[in-house]
Amino acid sequence: MPELPEVETTRRGLEPLLIGKEIAGFEIRQPSLRWPVEETLLARLEGQRINALGRRGKYLLILADAGSLLLHLGMSGSLRFLEAPRPPATHDHLDLVFAGGARLRFTDPRRFGSLHFTDSPENHWLLRHLGREPLGEAFSSEYLRRCARGRRVPIKQLLMNSRVVAGIGNIYASEALYRAGIHPRRASGSVSPARFGRLVESIKLVLREAIEVGGTTLRDFVDGDGRPGYFQLALRVYGRAGEPCRSCGRPIRQIVLGQRATYYCPGCQR
DNA sequence: CTAAGGACCTGTCGGC
DNA sequence: TGCCGACAGGTCCTTA
């Protein structure tokens with residue numbers, strides 16, 4: 001569920017709560033996540049203070065001097081900050097425990113999420129081959145055009161390729177293509193230079209909007225039930241099969257691309 | 001190298 | 001009401 005804007009909202013919400021906290025230890029109830037959680041490695045963070053929270057694509061980084069925690073929320077993961085211990089519920093797989101008793105609790109019914117220790121995030125195998133940050137300066141229409149050159153894969157799948165650009169998920173791929181007027185099935189290499197410009201702008205716009213809305217309307221990370229909730233961002237095509245396009249009125253279509261539901265307007269997207 | 005499909009896991013929903 | 005299959009916001013890995 002968590003798309004990039006939600007991970008960024010999580011990062012921003014947690015950062016003021018976590019900075020300066022001393023890590024006392026970990027309570028791991030279910031180490032079997034996407035990859036096995038290695039408790040002995042995590043232990044290297046005991047006694048460390050948290051310096052900052054970072055994000056790379058949809059990966060969240062909790063940084064300390066001796067190393068960092070690298071966390072992914074997968075499809076169904078969420079984090080919440082507890083001021084004091086509280087009995088864990090079914091899918092509360094692990095707690096990061098701080099000196100003084102507060103904790104950060106990771107919940108993830110589907111267990112597609114992950115937690116790693118790394119002393120060099122930029123070289124970690126999960127991050128090493130990630131493409132550019134979609135909100136970064138370096139993610140430009142020239143860059144995307146270069147990545148697309150000669151490729152026949154549908155443009156939507158190119159956007160969801162993490163080696164090209166990090167963290168564009170299924171919802172925002174459809175939304176950005178709609179705003180750019182590009183058919184999701186169009187061969188990547190056949191998108192015109194001008195349209196790559198529109199596409200990159202659309203990606204940045206839709207992500208920024210979602211982060212803004214998420215930051216202002218959503219979520220308290222303290223206690224609560226930890227349900228992430230969804231962004232109030234008005235989705236223009238995602239999940240709207242059969243409903244009228246807000247621009248031209250034609251019914252939004254749903255197709256499958258790369259085994260993922262894909263939505264577009266047959267009138268507005270070419 | 002590119003592209004396609006499988007794998008991992010649980011919860012929810014629609015149809016019969 | 002109960003059961004069963006399809007599907008869900010991710011993404012790495014294997015195979016062709």
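This is a predicted model: local features need pLDDT of at least 70, side-chain atom pairs count only at pLDDT 80 or more; totals for chains, interfaces and linings use all residues.
Which two domains does the largest pocket lie between?

View 1. Domain 1 (4–123) and domain 2 (141–264) each put residues into the lining, so the largest pocket lies between them; the domain bounds come from an automatic or database assignment. The space inside comes to about 1200 Å³. (A pocket is an open set of points on a 1 Å grid over the protein atoms alone, where a 1.4 Å probe fits, with protein on both sides within 12 Å along at least five of seven lines; lining residues have an atom within 4 Å of a point. The volume is the space filled by probe spheres set on the points.)

**View 2. What lines the largest pocket.** Of its 39 lining residues, Lys58, His72, Ile168, Gly169 and Arg260 sit closest to the centre. Helix H5 (residues 170–180) is the top contributor, giving three residues; helices are DSSP runs (H or I) of at least four residues. By class, the lining has 20 nonpolar, 12 polar and seven charged residues, with Gly counted as polar.

**View 3. Arginines and a proline at DNA strand B.** Arg110 brings a polar side-chain atom 3.0 Å from a base oxygen, while Arg111 has one 2.8 Å from a phosphate oxygen.

**Notes.** Residues are numbered from 1 along each chain as written, and chains are lettered from A and ligands numbered from 1 in written order. Local features need pLDDT of at least 70, side-chain atom pairs need 80 or more, totals for chains, interfaces and linings use all residues, and side-chain values use heavy atoms, without hydrogens or water.

Technical notes:
Helices (H or I, at least four residues) and strands (E, at least two) are DSSP runs, numbered from the N terminus. A polar contact is a pair of N or O atoms within 3.5 Å; within protein, one must be able to donate a hydrogen and the other to accept it, and residues adjacent in sequence count only if both atoms are side-chain atoms.
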